Amino acid sequence: MNKVISIQKSVQIAKKLRSHGKTIVLAGGCFDIIHAGHVIFLNKAKQRGDVLFVLLESDEKVKRIKGDNRPINNQQDRAIVLSAISYVDFVVMLTNSKTDSEYDGIITKIHPSIIATTANDPNVGHKKRQAKLINGEVAYVSKRVSDQSTSRIAGLTKVEALWKKFIG
């Protein structure tokens with residue numbers, strides 16, 4: 001079975017899973033360059049339920065929230081990497097959502113039992129609001145790994161490239 005799915009397919013699968021009493025956990029993000037923080041977060045999220053759906057932001061959304069030089073990897077490539085992680089059950093390809101109501105519609109249709117997040121997540125307010133819409137739960141599944149971020153890794157990559165260019 002293909003783990004990379006559309007929003008529409010995720011809704012169908014989630015409905016079937018719920019009818020069989022499965023606990024659906026939802027996690028989301030850009031996942032531009034997979035690092036230890038992502039792996040820990042996704043692993044801990046999966047431990048909270050039976051099935052883990054990962055909402056993967058579109059290239060346009062990543063550019064809008066992270067800057068013009070992002071994403072480093074396009075959505076399809078990011079989906080391939082995420083789908084290779086054994087405890088990720090489904091990767092949901094998001095379109096370029098611009099409003100909270102668009103996200104709310106997706107969350108309402110998938111209707112997870114748990115929305116996973118990290119400690120100090122700047123978007124936790126949105127997640128709590130969404131959980132309330134579906135009578136779900138926001139679960140703090142891991143701490144943020146302070147030295148792990150795509151921005152930091154990409155910054156190091158740029159420095160290394162410059163170093164090689166000038167030093168050889």
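Mentor: A definition comes first: a crossing is left-handed if the near helix is turned anticlockwise from the far one by less than a right angle, and right-handed if clockwise. This is a predicted model, in which local features need pLDDT of at least 70 and side-chain atom pairs count only at pLDDT 80 or more, while totals for chains, interfaces and linings use all residues. Residues are numbered from 1 along each chain as its sequence is written, and side-chain values use heavy atoms, with hydrogens and water left out.

Trainee: Which hand does the crossing of α5 and α6 have?

Mentor: Helices (H or I, at least four residues) and strands (E, at least two) are DSSP runs, numbered from the N terminus. The axes, lines fitted to C-alpha atoms over the stretch in contact, with angles from 0 to 180 degrees between N-to-C directions, come within 10 Å for α5 and α6 and cross at roughly 45°. Therefore α5 is oblique to α6, where oblique is what remains after roughly parallel (under 35 degrees), roughly antiparallel (over 145) and roughly perpendicular (65 to 115). The crossing of α5 and α6 is right-handed.

Trainee: Which residues of α6 meet α5?

Mentor: Contact means heavy atoms within 4.5 Å. On the α5 side, the residues are D100, Y103, D104, I107 and T108. Their partners in α6 are H126, R129, Q130 and L133.

Trainee: Is K127 buried or exposed?

Mentor: K127 lies in helix α6 and touches I115, A116, T117, D121 and V138, leaving aside residues up to four places away in sequence. Buried means under 20% relative accessible area, exposed over 50%, and partly exposed in between (1.4 Å probe, protein chains only). Because its relative accessible area is 16%, K127 is buried.

Trainee: How many residues has the largest nonpolar core?

Mentor: A nonpolar core is a set of buried Ala, Val, Leu, Ile, Met, Phe, Trp, Tyr and Cys residues joined through side-chain atoms within 4.5 Å. In the largest one, L17, F53, L55, F90 and I110 have the most contacts inside it. Elements giving two or more residues to this core include α5 (100–110) and α6 (124–133).

Trainee: What relative accessibility has N135?

Mentor: N135 is found in the loop between α6 and β6 (137–142). Although not a glycine, N135 has a positive phi of about 55°. N135 counts as exposed because its relative accessibility is 75%.
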